[in-house]
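Me: I'm new to this structure and would like to learn how to read it. Can you walk me through some features, one by one?

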Amino acid sequence: MTVLALDQGTSGTKALVVDPGGGILAVAEVPVTAAYLPGGGVEQDPAQLLDSVLRAGREAYERAGRPPLAAVALANQGETVLAWDRATGKPLSPAIVWQDSRAQRICDERADARDWVAHRTGLVLDPYFTAPKITWLRANVTREGVVTTTDTWLLHHLTRGGAFVTDAATASRSLLLDLDAVAWDPELASLFGVDPAELPRIAACDEVVGTTTAFGDTEVPVAGLVVDQQAALFGESCFTAGTAKCTYGTGAFLLANTGERAVRSGSGLTTSVAWRAGGATPYCVDGQVYTVASAIRWLADLGLIGSAAELDTAAAADDAGGVLCVPAFAGHAAPWWRSDATASFTGLTLAARREHLVLAVLQGVAAQIAELAGLVAADIGAPLTRLRADGGLTASATLMQAQADLAQVPVDVYPSPHATALGAAALARLAVEPGLPSAEAVGEWQPGRTYEPRWPAERAAEHLERWRESAAATLPGAAARD
């Protein structure tokens, strides 16, 4: 049961051909670019996104020797939207990326509905999510066509117009979904001026939504539709309540399974559908960090490191010399939700060296994720006992050790850099082989490496307390409030 899994992300599209035993037969990756505009705009060219999906998929399929495919799976960016013509599939706008913050005023104008929205959707009223972007795009770019997340548009092209769908997990990131009913909510649609008739059908993640010949002459089922972070949660076998993973990419995303109960966060985190498969709908609570790999690129741009591969040799060993970093280079996501926050370094003296700054950035990333882990534990009513980790920056032993030290839990690094695509492939297997257990669809795996905490709990608590004070000071107006 070989699957072609497509992971369409912010910086590129990755395609994997995965055999029935979970082995990877071939990988191809095509980069994509984003335009960062004044005023918080972040846009991508839809044609480039589609081209990257087709090129990566075809290259991986050719490299694998063109085996018979049981399914094509698609993981997507989540909250990135575009306007397009349903009749022709032609884009009518740029893709407005999940990082785009130009819809902040849309949210501010609806601030009175903040608590109601949070209860109904499990999300925070913030431009990070889909609906404010739709409203902004309609007001500022075009009233023509439909506006959907990129997965719906890509699926339209892959299925030659046969599918107008999104999956339940992606829909739950929209601020338009009744989280408990897992259905579009007319009152939410009205709040954002969205026509419910223009919203795609919500599909299960293990549903065949159509067929495609985009990667060969044979019609192949399209299934395994899922938003990227939930795909990784599934791929890392986080099937039971309390199991958690963190992805370290452009940003960082900590998700914990809460079972079939949509827990509303009391601490500024968000709740979404984890996946809908096998007739069940588990949920997850999650926290986001906007700047992770992008903070490492900032270090490289300053010449403090050559690349991310040099982090472990450039960073000081264990002690940053009193220097603390709050890496809010693109503002704060959970739990503050302040796009106007800025990054900071504190504790700088003439004794501070390059290695201290590098370690402080890594510890700052780990501290924010440790803070999120504590909030997740409060929401689910039990502390995390382990944290599974994936993403490119798990290659940094310094970062992973800092994570274990500050969160005070063992960190299990996923053995493949392709957790998202492998999760989507596993969900596609469930679609073409109904009744297959989720654990069997994913397959057994062992951590590539486990990091145990080395710091005593007292040292971790003291460091986090200092870091929280620094984080609070990065919020505009903090000094005036003090």
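Me: Let's start with strand pairing. How many bridges join β16 to β22, and do the two run parallel or antiparallel?

Reply: Strands of a sheet pair through backbone hydrogen bonds, either parallel or antiparallel. Here β16 and β22 run parallel and are joined by 3 bridges; two strands count as paired if DSSP finds at least two bridges between them. Cys246 stands opposite Ala389 in β22. Helices (H or I, at least four residues) and strands (E, at least two) are DSSP runs, numbered from the N terminus.

Before we go on: this is a predicted model, in which local features need pLDDT of at least 70 and side-chain atom pairs count only at pLDDT 80 or more, while totals for chains, interfaces and linings use all residues. Residues are numbered from 1 along each chain as its sequence is written, and side-chain values use heavy atoms, with hydrogens and water left out.

Me: Which strand is joined to β16 by a hairpin?

Reply: That's β17, reached through 3 residues. β16 and β17 (residues 252-259) run antiparallel, with 5 bridges between them, and Tyr248 stands opposite Ala252 in β17.

Me: What about Thr474, buried or exposed?

Reply: Thr474 counts as buried, because its relative accessibility is 6%. Thr474 lies in the loop between α15 (457-473) and α16 (478-481). Leaving out residues up to four places away in sequence, Thr474 touches Val326, His332, Ala341, Thr342 and Ser344; contact means heavy atoms within 4.5 Å.

Me: Now a sheet. In what order do the strands of the open sheet of 6 come?

Reply: The order is β3-β2-β1-β6-β15-β14, with mixed pairing. β3 (24-31) and β14 (210-212) are at the edges with a single partner strand each, so one side of each has no neighbour in the sheet. Within this sheet, β1 (residues 3-8) and β2 (residues 12-18) run antiparallel, joined by 6 bridges. Leu4 has Val17 in β2 as its bridge partner.

Me: Which strands does α1 lie across?

Reply: α1 lies across β1, β2 and β3, running at about 155° to β3. Axes are lines fitted to C-alpha atoms, for helices over the stretch in contact, and angles run from 0 to 180 degrees between N-to-C directions.

Me: And how do I describe the packing of α1 and α5?

Reply: Two packed helices are described by the angle between their axes and the distance between the axes. For α1 (residues 46-63) and α5 (residues 150-158), the angle is about 55° and the axes are 11 Å apart. That makes α1 oblique to α5; angles under 35 degrees count as roughly parallel, over 145 as roughly antiparallel, 65 to 115 as roughly perpendicular and the rest as oblique.

Definitions and conventions:
Buried < 20%, exposed > 50% of the residue type's maximum accessible area, 1.4 Å probe, protein only.
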